[in-house]
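Trainee: I would like to learn how to read salt bridges and accessibility in a model. Could we work through some cases?

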There are 2 protein chains.
Amino acid sequence: AIVAEIETQLNGQGQGALSGVHALITAGPTREPLDPVRYLSNHSSGRQGYAIAAALAAQGADVTLVSGPVALAPPRGVTLVKIETARQMLKACEDALPADVFISVAAVADWRPARAATKKLKIKATDAEAPAMELAENPDILKTLSNKRKNRPRLVIGFAAETHDVEDYARAKLARKGCDWIVANDVSGDVMGGAENEVVLITHDQSERWPRMGKEEVATRLARKIAAELGGDDGGIKLAAE
Amino acid sequence: AIVAEIETQLNGQGQGALSGVHALITAGPTREPLDPVRYLSNHSSGRQGYAIAAALAAQGADVTLVSGPVALAPPRGVTLVKIETARQMLKACEDALPADVFISVAAVADWRPARAATKKLKIKATDAEAPAMELAENPDILKTLSNKRKNRPRLVIGFAAETHDVEDYARAKLARKGCDWIVANDVSGDVMGGAENEVVLITHDQSERWPRMGKEEVATRLARKIAAELGGDDGGIKLAAE
């Protein structure tokens, strides 16, 4: 907290550009149980989301980080809420509202095993057919928060990890979810779980391709964009709690 | 290495009770891809397997640890081979033979998605039916190594994580796999990912229930049992390399 304080002082912005702002962030994967031993999940180290939480906290924001299972220590001064499944993540996010900005960085499993057994399943093939795991659709956390009538955060930002046609898929996702920005992440290379990201920031009216850079640098740059957006033209931030 | 050396000296056994023994251990989960983003996996912190690798190395064994993705540092003096899938794990184990003892601690996914897409799948439900993920059976690493005609390790030990009927399932597993011992792990409580385990050591002719204890203590006790078994009645160990 002392380091964050000094950083914000050095920024010349008193308590920080995001002082008084409540930022809600999701990070990491979700794990969707098939039984007590097996689960379906997504690759996600949580590093990008944790870096954004840290960057926002350093700018003075009050940060709630809802995180799936990762091997990272929570950033200093951030309220950490640990969850496993997408449904638990949605509930934790809704419990954390109101928020001024919501940033959905988590690699949420969009599908889960339709039935979760309480005992370890003995899976067997029959002569007739291979076994199959039926899937059920998870709640869409980004879409749900984007479309809240009450308590919709002023700025809702989604992440999209795509292996191909990155910008097209991301722009379609922006429209489909009803969020304000999409940070499109090109994961066709070797960035997954690594230290760097290559992103395109997509808003309703423009696309901004950032050079490949460290996840911390992506986080700092995004935090500045968020501060500028929430500050508006007059530089004053209107808060969810007001 | 210096610490291990001192420990083995303190044991009063010169270079250690397992000096010259090649121990092959698997640990952690495997991850079975559905596409570049999604995977099917098993809960496993890798802590028990890593503790056993450390305990055997401390007794002077030459240890090869084949590990799925975990958030642990490899124990000192152990050769670490990192893998993701069950098929990669089997290949890494076969490449590491001959070994005197094989200990299968990994939570190997017994089933994988039948098809692994190279692009991120867009999963959709139809009006007619929910989507399903077809499963294919993975190679059985414990059974394969237990039944090798050439290069079968002298002592093959499996682990069984069960939530119910622990001893019955474990004894059936011993017979089915063709291994020598099963360490049956009762995971009905809260031990998964935790610091402790509650195990039953099952051999062809007996069962030995150990009290609930730390994973390091389970590892040390198992390492001593292995040393006694490989040493035989005359205390001399016959090595795979001889």
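Trainee: Is B:Glu208 buried, partly exposed or exposed?

Mentor: This is a predicted model. Buried means under 20% relative accessible area and exposed over 50%. B:Glu208 has 22% relative accessibility, so B:Glu208 counts as partly exposed.

Trainee: Which side chain does B:Glu208 meet in a salt bridge?

Mentor: Side chains of opposite charge can pair when their charged atoms come close. Here B:Glu208 meets B:Lys225, at 2.9 Å from N to O. The pair links distant parts of chain B, 17 residues apart: B:Glu208 lies in strand S13 and B:Lys225 in helix H6 (residues 215-231). B:Lys225 counts as partly exposed because its relative accessibility is 29%.

Trainee: Where do the partners A:Lys148 and A:Glu94 lie in chain A?

Mentor: Take the contact before the location. A:Lys148 forms a salt bridge with A:Glu94, and the closest N and O atoms are 2.8 Å apart. A:Lys148 is in the loop between helix H4 (141-146) and strand S9 (155-162), while A:Glu94 is in helix H3 (residues 86-96), 54 residues apart. A:Lys148 is partly exposed at 25% relative accessibility, and A:Glu94 is partly exposed at 32%.

Trainee: How many salt bridges does the structure hold over all chains?

Mentor: The count over all chains is 20.

Trainee: Which residues are linked with A:Arg38 in a network of salt bridges?

Mentor: A:Asp35 and B:Asp110 are linked with A:Arg38 in that network.

Note on methods: Residues numbered from 1 in each chain as written. Chains lettered and ligands numbered in written order. Predicted model: local features only at pLDDT ≥ 70, side-chain atom pairs only at ≥ 80, totals over all residues. Heavy atoms only, no water. Salt bridge = Lys/Arg side-chain N within 4 Å of Asp/Glu carboxyl O. Helix = DSSP H or I, 4+ residues; strand = E, 2+ residues; numbered from the N terminus. Buried < 20%, exposed > 50% of the residue type's maximum accessible area, 1.4 Å probe, protein only.
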